[in-house]
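Have a look at it first, and then we'll go through a few spots in turn.

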Amino acid sequence: MKRNTLRLSGLLLALALLLGGIGGCGEAALPDGEYVPDGFTFSGGSGKVTISCPSVTLADGAATATLVFSSPNYPRLVADGAEYAAQHEGKTSIFRLPVALNADMTVVGTTTAMSQPHDIEYTIHIYLGEPAPEAEEALEEEAPAAASAALEDRDRDVPGLVWQREMPLRYAHEFAVDYYEGGYKLLSIGDGNRYLVVPEGGEVPAGLDAAVRVIRQPLHAVYLAASAAMALFDAVDGLDAVRLSGTQAKGWYIENARAAMEAGEMLYAGKYSEPDYELLVGEGCDLAVENTMILHTPKVQEMIEQLGVPVFIEHSSYETHPLGRTEWVKLYAAMLDREDAAEAFFDAQAAVIDRLKDFPNTEKTVAFFYVASDGSVVVRNAGDYVAGMIEIAGGRYVFSDPAALDSPRASVAISMEDFYAAAVDADYLIYNASIDAPLYSVDDLLGKSPLFADFKAVREGNVWSTDKYLYQATDIVGELITDINRMLTGETEGMTFMRKLE
């Protein structure tokens with residue numbers, strides 16, 4: 001496929017700007033001391049054993065971590081050719097070893113749980129001084145709801161263009177699309193940002209408001225840093241427009257995105273806060289789709305725009321209705337002229353709501369949460385789309401009173417004691433593993449806090465977990481609603497996102 005490229009002089013200018021004005025975006029060096037990691041991930045093994053990293057010690061520029069294996073059968077660990085012996089406490093194996101931070105690191109654990117000792121390779125990643133990808137997703141959802149009221153009185157006037165109609169929407173309230181003669185489209189977002197989609201061969205209207213960003217069709221080299229948007233591009237067969245990804249192949253749970261990266265059809269261009277500017281320029285990037293975390297790194301957004309690349313900030317997580325998020329598929333389809341495909345896809349998802357609308361509520365209570373590394377419990381606010389899913393599926397969210405959490409944010413961190421008071425008698429617990437590391441058993445949950453042993457759902461065997469794919473699956477949220485309904489009614493065969501913890 002032919003790709004536009006910017007002139008060499010543009011590349012040189014970009015690099016000069018990068019060297020001269022963007023160097024302050026990284027984190028400052030941390031002082032010596034003991035830290036709780038900002039995030040920890042691991043992969044490898046059979047899934048029966050989990051690894052956690054409760055602390056990291058910095059001293060003289062070196063990092064030493066504590067790794068805890070949820071099994072007493074690991075006597076040694078090998079890393080960088082050195083062996084480390086375990087300390088055993090209860091049902092765990094604990095290791096202290098030098099580690100690399102903010103990078104993948106391979107360790108090999110020896111287990112004696114089998115008939116003979118067996119070496120198992122794991123890849124660990126300790127985040128310190130920067131949030132883990134899952135934490136970034138959580139932070140994105142902690143922002144207050146966008147001011148969708150601005151869309152009701154939005155300015156549809158574009159100099160030189162004749163307005164025709166607006167896109168009909170059923171559930172979304174955080175965007176609007178207006179159509180004009182000649183194939184022009186105006187995308188308005190609840191935060192006040194506007195984007196004019198200019199058709200291939202079209203001219204930018206004279207006198208266009210400077211605040212309106214211009215998106216030129218056809219799109220063929222999108223840098224997609226907002227992971228929640230990838231599934232929506234995929235839903236309308238739009239991955240051919242996405243050339244650059246802000247997530248590496250191993251971080252994608254969307255099969256087509258992972259396959260495209262493994263085939264070299266999509267390239268990793270750095271995370272949202274540290275994009276590969278040279279690659280963006282070399283590939284002729286024509287649009288950067290970012291989540292709201294880009295607002296925390298304004299210099300990065302400024303740099304991308306100085307390269308002539310419009311930055312689109314996605315706000316689907318601000319929708320209060322679960323299908324409001326999915327309806328953003330229509331906005332991305334408008335960028336690609338694939339509205340018919342989006343309409344058909346969305347109607348199929350909306351049919352899930354139609355099937356459940358007359359379903360009598362079970363009145364069973366549900367808590368949806370995860371335990372953060374500092375011991376607090378992160379729950380969803382009553383007005384959030386996840387709470388809406390539980391209600392649609394026939395349950396009652398335990399934090400049904402909007403005043404109970406006293407926060408405008410979608411995700412709220414509360415103390416374990418406050419969570420205990422609200423959820424100890426909940427009929428069901430759903431652990432949000434799309435943000436935190438997955439749980440594989442109730443014992444894993446008890447490892448987070450022994451207080452969970454008192455919970456009604458734990459005593460009665462009604463503890464469930466989502467999988468890691470959930471956050472990226474903005475295209476099929478109807479399937480999660482169906483899963484919750486199946487959980488509440490006991491018809492648990494064929495679940496897509498959830499599994500019961502034994």
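Let's start with Thr297, which counts as buried because its relative accessibility is 14%, below the 20% cut-off for that label. Keep in mind that this is a predicted model.

**Around Thr297**
- You'll find Thr297 in the loop that runs between β19 (287–290) and α7 (298–306).
- Setting aside neighbours within four places in sequence, Thr297 touches Tyr272 and Ser273.
- Glu274 sits 23 residues away from Thr297 along the chain, with 9.4 Å between their C-alpha atoms.

**A helix pair**
- Two packed helices are described by the angle between their axes and the distance between the axes.
- For helix α10 (residues 339–356) and helix α15 (residues 477–489), the axes come within 8 Å and cross at roughly 30°.
- That makes α10 roughly parallel to α15, since angles under 35 degrees get that label.
- On the α10 side, the meeting residues are Gln349, Val352, Ile353 and Leu356, while α15 brings Val477, Gly478, Glu479, Ile481, Thr482 and Asn485.
- Sort the residues of this contact by type and you get 5 nonpolar, 4 polar and 1 charged.

**Aromatic rings**
- There are 19 aromatic pairs in the structure.
- Phe40 and Phe42 make a stacked pair, because their ring centres are 6.5 Å apart and their planes are at 25°.
- Both Phe40 and Phe42 are buried.
- Phe452 and Phe455 have ring centres 5.0 Å apart and planes at 45°, so this pair is tilted.
- Phe452 is buried, and Phe455 is too.
- Ring pairs also tie Phe40, Phe42, Phe69, Tyr74, Phe95 and Tyr122 together into a cluster.
- Over at Tyr179, Arg165 lies over the face of the ring, 4.0 Å from its centre.

**Backbone details**
- Gln217 and Pro218 are joined by a cis peptide bond, with omega at about -5°.
- Pro218 belongs to the loop between β15 (213–216) and β16 (222–224).
- Asp237 isn't a glycine, yet its phi is positive, near 55°.
- Look for Asp237 in the loop between α4 (227–235) and β17 (242–245), where it counts as exposed because its relative accessibility is 62%.
- Asp337 isn't a glycine either, and has a positive phi of about 60°.
- Asp337 is in the loop between α9 (329–336) and α10, and at 48% relative accessibility it counts as partly exposed.

How values were computed: Residues are numbered from 1 along each chain as its sequence is written. This is a predicted model: local features need pLDDT of at least 70, side-chain atom pairs count only at pLDDT 80 or more; totals for chains, interfaces and linings use all residues. Side-chain values use heavy atoms; hydrogens and water are left out. Axes are lines fitted to C-alpha atoms, for helices over the stretch in contact, and angles run from 0 to 180 degrees between N-to-C directions. Helices (H or I, at least four residues) and strands (E, at least two) are DSSP runs, numbered from the N terminus. Angles under 35 degrees count as roughly parallel, over 145 as roughly antiparallel, 65 to 115 as roughly perpendicular and the rest as oblique. Contact means heavy atoms within 4.5 Å. Ala, Val, Leu, Ile, Met, Phe, Trp, Tyr, Cys and Pro count as nonpolar, Asp, Glu, Lys and Arg as charged, and the others, Gly among them, as polar. Rings of Phe, Tyr and Trp (its six-membered ring) pair if their centres lie within 6.5 Å; planes under 30 degrees apart count as stacked, over 60 as edge-to-face and the rest as tilted. Buried means under 20% relative accessible area, exposed over 50%, partly exposed in between (1.4 Å probe, protein chains only). A charge sits over a ring if NZ of Lys or CZ of Arg is within 6 Å of the ring centre and within 35 degrees of the ring normal.
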